[in-house]
Amino acid sequence: NKWGVYPSLALAWRIMEEPFVKDLNLFHNLKMRMGWGQTGNQAISPYNTLMLYNSTQYASADNSNMVGNVPANIANPNLTWEFSEQYNAGLDMGFLQGKLNATVDLYHKKTHDLLLEKQLPGSTGFDKMFVNQGSIQNKGLEVTLDALAYERKDWSVNVGANFAINRNEVLSLGNDIIPT
């Protein structure tokens, strides 16, 4: 599972270009945006899906030191990328010939098949391995305001502020109960 296909789509409507908005003489800019997309994340170290080996020394029958290899981890050939899907919508507004601007963004993102290190029973001889399990959800609202407060020929002062409400929720981490 070294590769993945993750499509996306974005649309924008420049409402400012519509006659019913132009005639208002209120907006300098008015645009609505919507988007949907999928992404993947393979954020684990290279080769963690393969069986890796460590060198070790041991004594042979004639009491000389020998070098051998022992497994360093448990391979997981079924490991896949984390999968995220996000929806978003936004509104860009400009007033007073662009001297006052506002942006409002809403988003909802859900990620599943999280790449997690799962604790293993001691009887396996290993303490953990990477697996795909669990899901999280992020959603929020972000508002940005900026204004040209002062302008002269050689310099200007802009003032900006933003406000955000972001909610992150762990929906599942899988069944991680290990018998002792």
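1. The side chains of Asp62 and Ser60 are joined by a polar contact of 2.3 Å, and a second polar contact, of 2.7 Å, joins the side chains of Asp62 and Ser64. A polar contact here is a pair of N or O atoms within 3.5 Å, where within protein one atom must be able to donate a hydrogen and the other to accept it, and where residues adjacent in sequence count only if both atoms are side-chain atoms. This is a predicted model, in which local features need pLDDT of at least 70 and side-chain atom pairs count only at pLDDT 80 or more, while totals for chains, interfaces and linings use all residues. Residues are numbered from 1 along each chain as its sequence is written, and side-chain values use heavy atoms, with hydrogens and water left out.

2. Asp62 lies in the loop between β3 (53-59) and β4 (65-71), and Asp62 counts as exposed because its relative accessibility is 58%. Buried means under 20% relative accessible area, exposed means over 50%, and partly exposed is in between (1.4 Å probe, protein chains only). Strands are DSSP runs of E with at least two residues, helices are runs of H or I with at least four, and both are numbered from the N terminus.

3. β3 and β4 form a hairpin with five residues between them, and Asn63 in the turn has a positive phi of about 65°. The two strands run antiparallel and are joined by seven bridges, with Ser55 standing opposite Asn69 in β4. Two strands are said to pair if DSSP finds at least two bridges between them.

4. An open sheet of six strands has the order β1-β2-β5-β6-β9-β10, with antiparallel pairing. Its edge strands are β1 (8-13) and β10 (156-172), each of which pairs on one side only. Within this sheet, β1 is joined to β2 (residues 29-41) by six bridges, and Trp13 stands opposite Met32 in β2. From β2 to β5 (residues 82-95) there are 13 bridges, and the bridge partner of Asn41 in β5 is Glu82. Strand β9 (residues 135-151) runs antiparallel to β10 and is joined to it by 16 bridges, with Lys139 opposite Arg167 in β10.

5. Leu96 counts as exposed because its relative accessibility is 57%. Asp113, in the loop between β6 and β7 (115-119), has a phi near 60°, again a positive value in a residue other than glycine. With 31% relative accessibility, Asp113 counts as partly exposed.

6. The side chain of Gln133 reaches the backbone oxygen of Leu173 at 2.9 Å.

7. The largest pocket is lined by 17 residues, of which Asn1, Lys2, Tyr47, Thr49 and Trp81 lie nearest its centre. A pocket is an open set of points on a 1 Å grid over the protein atoms alone, where a 1.4 Å probe fits, with protein on both sides within 12 Å along at least five of seven lines, and lining residues have an atom within 4 Å of a point. The lining divides into eight nonpolar residues, eight polar and one charged; Asp, Glu, Lys and Arg count as charged, Ala, Val, Leu, Ile, Met, Phe, Trp, Tyr, Cys and Pro as nonpolar, and the others, Gly among them, as polar.
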